[in-house]
Amino acid sequence: MSQSPLIEVKNLKKYFTQKSSLFDRKPSPVKAVDDVTFTIEEGETFGLVGESGSGKSTIGKSLIRLHDISEGTIKYRGIDIHNKSKKEMRSLRTKMQFVFQDPFSSLNPRIRIGDALAEPLLDHGLVTKDRVRDKVKEVMEICGLPSYHIDKYPHEFSGGQRQRIGIARAMVMEPDFIVADEPVSALDVSIQAQIINLFKELQEKKNMTYLFISHDLSVVEHLCNKVGVLYLGSMMELTTRDKLYENPLHPYTKALLSAVPIPDPTKRRERIVLKGDIPNPANPPKGCKFHTRCPFTEDICLKVQPLFKEVEKGHYVACHLV
Amino acid sequence: MSERASVLEVKHLSAHFETEQGIVRAVDDVSFSVKEGETVCVVGESGCGKSVTAMSVMGLVQTDVKGDLFFKGKNLAELSRGDLRRVRGNDLAMIFQEPMSSLNPVLTIGEQIMEPLLVHHPYSKKQARHKAIELIELVGIGRAEQIFKSYPHQLSGGMLQRIMIAIALSCDPDMLIADEPTTALDVTIQAQVLDLLRTLQEERNMSMLLITHDLGVVAEVADFVVVMYAGKVIETGTVHDIFASPKHPYTKGLLYAKPVLGNRTKKLYTIPGQVPNLVDLTPSCYFHERCEHAMDICREKMPTLKLEDRQHVACWLYEKEVKG
């Protein structure tokens with residue numbers, strides 16, 4: 001693509017400090033995100049996968065500046081968003097929205113959903129008061145919520161409908177970029193399919209760009225064009241969906257893919273079962289972070305952290321053995 | 001393989017809850033059996049009654065449970081409290097979805113593994129301790145001595161679930177009931193726990209009743225599948241039959257709606273609408289509002305489970321007189 005990418009993340013680091021005791025003079029930082037670089041093109045769905053504690057949500061929140069970052073730059077259409085004043089950020093935010101895993105806990109139970117959806121529009125002065133109800137109804141219909149629900153309260157909706165509200169609330173601002181953090185993990189299979197289709201539909205209609213955070217590799221394969229695999233805050237592998245699923249190079253990616261249960265009893269595959277647990281992110285292993293669980297560990301892996309390098313065009317891997 | 005003895009037989013099990021809105025038929029006339037050494041999976045979405053079924057078998061539901069439960073030929077309802085207590089935890093063990101909240105935070109792991117051993121067996125404390133350490137090693141955790149002395153908050157979710165399995169296995173049960181044992185775990189850890197359950201089951205010829213919503217997990221471990229919807233069993237069959245030729249429109253929908261690795265479609269199949277409210281359902285097929293084949297009879301009469309090919313299915317589409 002010739003134009004510059006919509007989102008450009010360079011050497012992103014986010015450290016959280018934790019004090020183990022009151023007298024701890026030098027608290028050791030938890031490196032939630034440790035030197036991550038990637039770009040998202042316009043109209044693309046970028047999938048971030050990883051297990052708990054891999055830093056995928058932290059990256060998502062950094063991208064729309066829900067918290068500050070420790071180092072690195074994040075650019076949206078070439079604008080360094082972590083270098084902007086609060087005021088400038090406020091107008092930029094309308095273009096970047098967030099969809100949470102559990103929409104119920106992010107909705108005020110005492111506010112009708114029509115009002116909840118209208119609030120950001122009025123706040124930012126995007127629509128006049130007499131037009132706002134129509135606008136809200138229009139967005140609700142786009143997100144598959146019949147508009148006669150406009151005066152209902154959040155508790156009157158089912159899980160799937162609540163997630164539609166969550167998406168509608170992001171869409172109402174007419175953003176071009178949405179960070180969706182595990183938006184379908186809490187839903188049942190039949191509802192999950194409805195929401196996944198909705199994400200696809202919105203993308204086709206409105207040319208949306210998504211950062212889709214998920215631990216479910218089958219959902220990511222279905223929805224994303226490009227995928228990044230995270231482990232303990234570092235990117236292990238980054239490439240297009242086709243390359244990642246057909247030719248995974250990093251041992252962690254291979255193990256993750258082989259661990260996904262396939263709903264077909266005739267296909268019992270050889271599985272790479274990883275030993276042990278995910279190490280504590282506050283105290284990650286030295287060298288390659290994955291070496292404690294990797295089936296192919298060699299001496300060099302214990303000592304030197306592998307570089308994140310391009311092994312073939314558009315396929316980046318951080319592993320000594322590739 | 002078909003002529004193995006049944007370990008657990010569930011006959012016409014119903015569990016109804018009275019609420020302010022009306023009676024909720026969480027489990028309604030559910031029957032199935034689990035044979036020796038067999039894994040039966042109960043699948044369904046939230047609110048279909050799969051967990052209540054499991055809890056009713058263990059006698060953990062605080063409501064009127066109707067129907068008969070036979071465990072190794074004994075009717076559980078006729079047992080005295082003391083006898084039931086001896087069966088539970090000893091012959092029949094259960095693990096839950098949330099290992100974190102099922103363990104006592106102020107007791108060490110060791111104390112909690114030793115407890116059923118001391119209650120159900122004439123073990124001395126020393127023997128129980130020895131056996132507990134063996135069990136920790138059995139479920140694949142190294143540093144058993146150290147783990148024995150730790151508290152639940154010091155372990156990760158995957159390790160806690162292994163501890164739960166260790167506790168459940170401590171008295172060599174004939175049957176293990178597992179309610180969503182891997183749902184709260186990461187995929188790589190889920191793979192470990194599923195492998196562990198499978199090998200332990202084969203080694204001990206233990207029967208297993210596994211409750212799950214994940215069809216992938218079902219395909220990996222089940223021998224026999226029970227599909228539930230809105231408190232009813234709508235289809236049962238061997239795992240190969242269910243996955244190769246699902247009969248009920250809901251079972252088909254569930255299978256098609258799930259994105260599958262390596263199988264890219266442009267649009268996912270969806271089941272329209274959502275699960276009905278279980279309060280005061282009228283006699284009808286509970287799936288009719290979401291079913292694309294719904295006929296008049298589906299709105300008026302409830303279908304019963306009938307044998308069709310090799311599966312049992314509750315659907316009017318397979319009734320001869322209706323079809324003709």
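Trainee: What makes the group β2-β1-β4-β5 of chain B an open sheet?

Mentor: This is a predicted model, in which local features need pLDDT of at least 70 and side-chain atom pairs count only at pLDDT 80 or more, while totals for chains, interfaces and linings use all residues. Here 4 strands of chain B lie in the order β2-β1-β4-β5, with antiparallel pairing. The edges are β2 (23-35) and β5 (74-75) of chain B, each of which pairs on one side only. As for numbering, residues count from 1 along each chain as its sequence is written, and chains are lettered from A and ligands numbered from 1 in the order in which they are written.

Trainee: How do you know that β1 and β2 of chain B pair?

Mentor: Two strands pair if DSSP finds at least two bridges between them. Strand β1 (residues 6-18) of chain B is joined to β2(B) by 9 bridges, running antiparallel, so the pair meets that rule. Within it, E9(B) sits opposite S33(B) of β2(B). The strands themselves are DSSP runs (E, at least two residues), helices are runs of H or I with at least four residues, and both are numbered from the N terminus.

Trainee: Why is S31(B) called partly exposed?

Mentor: A residue is buried if 20 or more other C-beta atoms lie within 10 Å of its own, exposed if 12 or fewer, and partly exposed in between, with C-beta atoms placed from the backbone. S31(B) has 16 other C-beta atoms within 10 Å, so it is partly exposed. This residue belongs to strand β2 of chain B. Beyond its neighbours within four places in sequence, S31(B) is in contact (C-beta atoms, placed from the backbone, within 7 Å) with V10(B), K11(B), H12(B) and L13(B).

Trainee: Which strands pair with β3(A)?

Mentor: Strand β8 (residues 209-214) of chain A runs parallel to β3(A), joined by 5 bridges, and T45(A) faces Y210(A) there. Strand β9 (residues 226-231) of chain A is also parallel to β3(A), over 4 bridges, with L48(A) opposite G228(A).

Trainee: How does chain A compare with the globule rule?

Mentor: For its 322 residues a compact globule would have a radius of gyration near 20 Å, and the 21 Å of chain A agrees. Chain A has 10 helices and 12 strands, and 44% of its residues count as buried.

Trainee: Which residues make up the contact between the chains?

Mentor: Chain B gives 38 residues and chain A gives 33 residues. On the side of chain B, α8(B) gives the most, with 6 residues. That side divides into 17 nonpolar, 13 polar and 8 charged residues. Here Ala, Val, Leu, Ile, Met, Phe, Trp, Tyr, Cys and Pro count as nonpolar, Asp, Glu, Lys and Arg as charged, and the others, Gly among them, as polar.

Trainee: What makes a set of residues a nonpolar core?

Mentor: The members are buried Ala, Val, Leu, Ile, Met, Phe, Trp, Tyr and Cys residues joined through C-beta atoms within 7 Å. The largest such core has 187 residues, and A168(A) and L209(B) touch the most other members. Its largest share, 9 residues, comes from α7(B). Leaving aside neighbours within four places in sequence, A168(A) is in contact with L117(A), V139(A), M140(A), C143(A) and L145(A).

How values were computed. The radius of gyration is taken over C-alpha atoms; the globule rule is 2.2 Å times the number of residues to the power 0.38. Two residues are in contact if their C-beta atoms, placed from the backbone, lie within 7 Å.
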